[in-house]
Amino acid sequence: MPDKLRFDQLYKFCDPDMFSFNTTNDLPDSRETIGQERALHSLDFGLSLESTGFNIFLLGEHGTGKMTTVRSFLSQKAMNEPVPGDWCYVYNFKDPDMPIAVSLEPGRATALQKDMEEVIKILKVEIPKVFESKEYEKQKNKIIEESQKKQRELFAGLEQEAQEKGFSVRKTVSGLIIVPVKKTGEPLTEEEYEALDEKTRKKIDEIGRTLQEKLNDAVRVVREGEKMVKEAMGKLEKDAALASVGHLIDELKNKYQDNEKITIYLNDAKEDILDHLDDFKMQEEQPPQLSFMKVPRAEPAFTRYIINVLVNNKDCKGAPCIFESNPTYYNLFGRVEHKIQYGIAMTDFSMIKAGSLHKANGGYIVINALDLLRNLFAYDAMKRAIRNKEVKIEDVWEQYRLISTSTIKPEAIPLNIKVILIGNPYLYYLLYNLDEEYRELFKVKADFDSRMNRTDENARKYASFIANTCREEKLLSFDKTGVAKVVEFSSRLAENQNKLSTKFNEIADILREASYWASKANSAFVTDKHVQTAVDEKVYRISKIEDRLREMILDGTIIIDTAGEKVGQINGLAVLDLGDYSFGKPSRITARTYAGKAGVVNIERETKMSGRIHEKAILIITNYLGSRYAAKKPISLSASITFEQLYDMVEGDSASCAELYALLSSIANIPLKQGIAVTGSMDQNGDVQPVGGINEKIEGFFDLCRIIGFDGTHGVIIPARNMKHLMLKADVVEAVRKGEFSIYPIRKADEGLEIMTGMQVGELGDDGTYPEGAINHLVVKRLTEISESMEKKKEKEKEEDKEEAKGGKEEKQEYKDQ
């Protein structure tokens with residue numbers, strides 16, 4: 001029989017004297033990430049390697065400090081990297097629907113924007129002055145006068161010739177025409193024309209046609225002259241305006257001569273300004289056609305000369321690090337905004353807005369993987385951007401509209417970025433196994449552990465973490481005992497005496513709560529008592545369901561026996577996990593055996609309330625029984641086993657030992673101690689395997705026994721391999737120290753059976769039998785009795801069948817004789 005565990009084996013204390021400080025105020029600031037050496041190594045590798053596809057996925061349980069770590073790591077690394085250039089969009093004068101993307105040195109995009117604004121501001125003043133100058137008016141009048149002079153000379157000669165031939169040039173609605181006139185100068189009427197002889201009429205008609213042709217030629221010459229005047233006026237305007245525009249644009253070209261795109265843009269802008277000089281002239285407001293309806297004057301559009309600064313890295317120190325908390329498609333890739341005018345959605349290149357990828361270009365972007373997958377189109381577009389190394393601003397809903405609408409399509413911007421996704425392990429493996437593109441684009445896995453080794457060095461790092469948290473959140477400082485108690489609590493979270501939890505969000509919550517209870521007690525600093533109070537108070541707030549179940553056990557609604565002995569009944573231990581709280585719950589397991597050939601029947605399986613792992617455990621028990629007791633001859637047995645008063649699914653194999661003991665107790669009719677609960681998994685060889693939730697299971701049964709009252713017989717049987725996982729609460733440790741409660745570690749299933757019965761299991765002798773009075777002897781004896789009774793029953797049935805067959809033959813013979 002194994003020895004009971006000593007009280008000092010149930011909890012690994014942290015010695016406060018290992019710390020050299022009095023309170024955490026004595027510790028210096030430290031931003032070191034604790035216990036994540038593997039993840040930090042992977043993160044450094046992924047960030048330093050610039051090859052395609054080596055983006056990073058940070059995976060780990062919630063609260064292990066993934067986001068805090070990557071923030072700290074990136075801030076240090078990015079600080080030493082070059083600042084990427086600015087990006088802006090300019091108007092495309094050749095194709096207005098495709099704005100041009102331009103890259104400039106950091107800070108120069110806003111400089112260019114201000115320069116262009118200043119140029120347009122100057123031109124709005126200077127160009128109207130040019131057209132109002134006396135020199136311009138003089139040259140303009142000269143061109144007009146010369147044109148008018150030529151027109152007068154041309155029409156004067158034609159008018160004189162017409163008069164000499166008895167005709168006159170008259171202006172009508174349809175234009176200038178040649179009409180015959182009388183000597184008085186009045187036009188010849190139609191009646192007077194008809195009264196003329198035919199020869200005269202023909203002569204008039206012939207002369208009229210000749211003069212009309214000359215008139216038409218003169219009109220043609222005049223129109224060409226007007227066209228030339230218009231061209232001359234346009235050239236005059238351009239030449240006059242060029243004096244104001246040219247040197248301003250040339251100055252900008254010299255300033256940005258190292259950027260080819262800007263030089264081309266400035267040349268195009270100069271030509272466009274000269275082509276749209278009317279926009280710069282003083283506009284006279286036209287009176288409304290209806291006095292009661294005043295339409296606002298349309299202002300000239302100077303938007304095409306705006307520089308739309310998309311990304312400004314002027315104040316950036318090092319490479320940009322963007323943490324996108326809401327990775328929608330438009331937040332990542334930017335958008336083209338619209339404004340409503342008279343019920344119509346209008347847009348232009350100045351309404352192009354940057355996304356997070358634009359801002360992070362040349363640096364790093366950190367995104368929560370689950371948030372990215374939740375947002376429509378975002379994940380696929382992200383992969384496409386990484387693969388093509390460019391980011392496009394598109395209307396993602398365009399392909400789903402019934403009617404196609406015209407919009408601008410900005411030029412794509414080259415993308416040089418390191419993408420860091422953060423998520424849980426389930427999400428990582430889901431993407432890795434189901435998405436081939438993901439494997440090509442996210443080749444670096446940075447796996448954050450939820451535990452680290454409990455060493456003196458790591459305990460001191462824990463103290464530094466506590467000190468930093470207290471400073472950042474203005475909490476009371478912790479003394480040595482308070483830090484030691486937090487270290488012990490961390491081992492409890494890790495469920496291992498030799499490990500510490502790296503779920504720092506839960507540790508930070510305990511720090512905050514402990515500081516609260518210390519301040520409420522008017523303490524100058526936080527001690528171990530305040531930390532323990534914080535833990536106890538947190539449990540009290542969320543343990544209502546555990547208390548209700550315990551009440552049901554105490555009032556007899558749920559039947560759990562903790563005293564005496566019973567055949568075929570045992571107390572197993574289970575863990576109920578509610579999400580925010582988990583606790584141990586005793587479960588009454590019963591077994592019944594009888595003659596038959598059905599084998600071990602799992603009632604939960606028959607009612608479809610058993611999980612696969614539990615079904616496997618029942619099969620292991622069945623095979624264990626067969627290998628031990630049916631090695632030489634088969635056994636006949638029918639047995640049933642069930643969890644009483646359990647109305648939910650049964651899953652797991654941690655009750656394997658308890659179920660085996662209940663079966664053997666029922667077979668051999670040996671009572672089991674009800675004051676001892678059992679947990680532990682077993683294999684086909686009878687070796688006991690460790691189980692999860694060992695602390696909660698022990699404490700759950702301990703609390704029940706304490707309330708009922710200790711009698712010195714209460715205890716729990718656990719796997720010996722779970723000893724390192726014990727971090728039990730102080731009440732259990734104290735009860736074990738006083739001898740009121742016992743914990744038995746076992747390595748073989750037989751050891752637990754001896755504890756439960758107080759009898760020897762018995763070893764198989766050389767003669768193939770077990771010692772008289774041993775448990776195995778009684779089991780074999782009972783199985784043999786069942787087998788013999790089954791054989792006798794079988795022989796009796798055969799004899800009855802023979803008698804019936806013989807009687808049938810005799811009746812048949814008598815029938816033949818008759």
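**Exercise 1. At what angle do α18 and α22 pack, and who makes the contact?**

Step 1: Helix α18 (residues 544–554) and helix α22 (residues 694–708) pack at about 50°, and their axes are 11 Å apart. Helices here are DSSP runs of H or I with at least four residues, strands are E runs of at least two, and both are numbered from the N terminus. Axes are lines fitted to C-alpha atoms, for helices over the stretch in contact, with angles from 0 to 180 degrees between N-to-C directions.

Step 2: That angle makes α18 oblique to α22. The classes are: under 35 degrees roughly parallel, over 145 roughly antiparallel, 65 to 115 roughly perpendicular, and the rest oblique.

Step 3: α18 passes α22 in a right-handed crossing.

Step 4: On α18 the contact uses E546, R550, I553 and L554, and on α22 it uses D703, L704, I707 and I708. Contact means heavy atoms within 4.5 Å.

Before going on, a word on the ground rules: this is a predicted model, where local features need pLDDT of at least 70 and side-chain atom pairs count only at pLDDT 80 or more, while totals for chains, interfaces and linings use all residues. Residues are numbered from 1 along each chain as its sequence is written, and side-chain values use heavy atoms, with hydrogens and water left out.

**Exercise 2. Check the span of α6, then find where α6 bends.**

Step 1: Helix α6 (residues 198–255) has 58 residues, so at 1.5 Å a residue the helix should span 86 Å. The expected span is 1.5 Å times one less than the number of residues.

Step 2: The end C-alpha atoms of α6 are 82 Å apart, which agrees.

Step 3: At L242, α6 bends by about 50°. A bend is the angle between axes fitted to the seven residues ending at a residue and the seven starting there.

**Exercise 3. Which way does α7 run against α6, and against α3?**

Step 1: The axes of α6 and helix α7 (residues 260–275) come within 10 Å and cross at roughly 165°. The two are therefore roughly antiparallel.

Step 2: Residues in this contact include L242, V245 and I249 of α6 and L266, K270 and I273 of α7.

Step 3: For helix α3 (residues 108–132) and α7, the axes come within 13 Å and cross at roughly 20°. That makes α3 roughly parallel to α7.

Step 4: α3 passes α7 in a right-handed crossing. L112, M116, I120, L123 and I127 of α3 meet I262, Y265, L266 and I273 of α7.

**Exercise 4. What is the strand order in the three-stranded sheet, and which helix packs on the sheet?**

Step 1: The order of this open sheet is β3-β2-β6, with antiparallel pairing. Two strands pair if DSSP finds at least two bridges between them.

Step 2: β3 (100–104) and β6 (308–311) are at the edges with a single partner strand each, so one side of each has no neighbour in the sheet.

Step 3: Strand β2 (residues 86–90) is joined to β6 by three bridges, and C88 stands opposite V309 in β6.

Step 4: α7 packs on the sheet, touching β2 and β3, and its direction makes about 130° with that of β3.

Methods. A crossing is left-handed if the near helix is turned anticlockwise from the far one by less than a right angle, and right-handed if clockwise.
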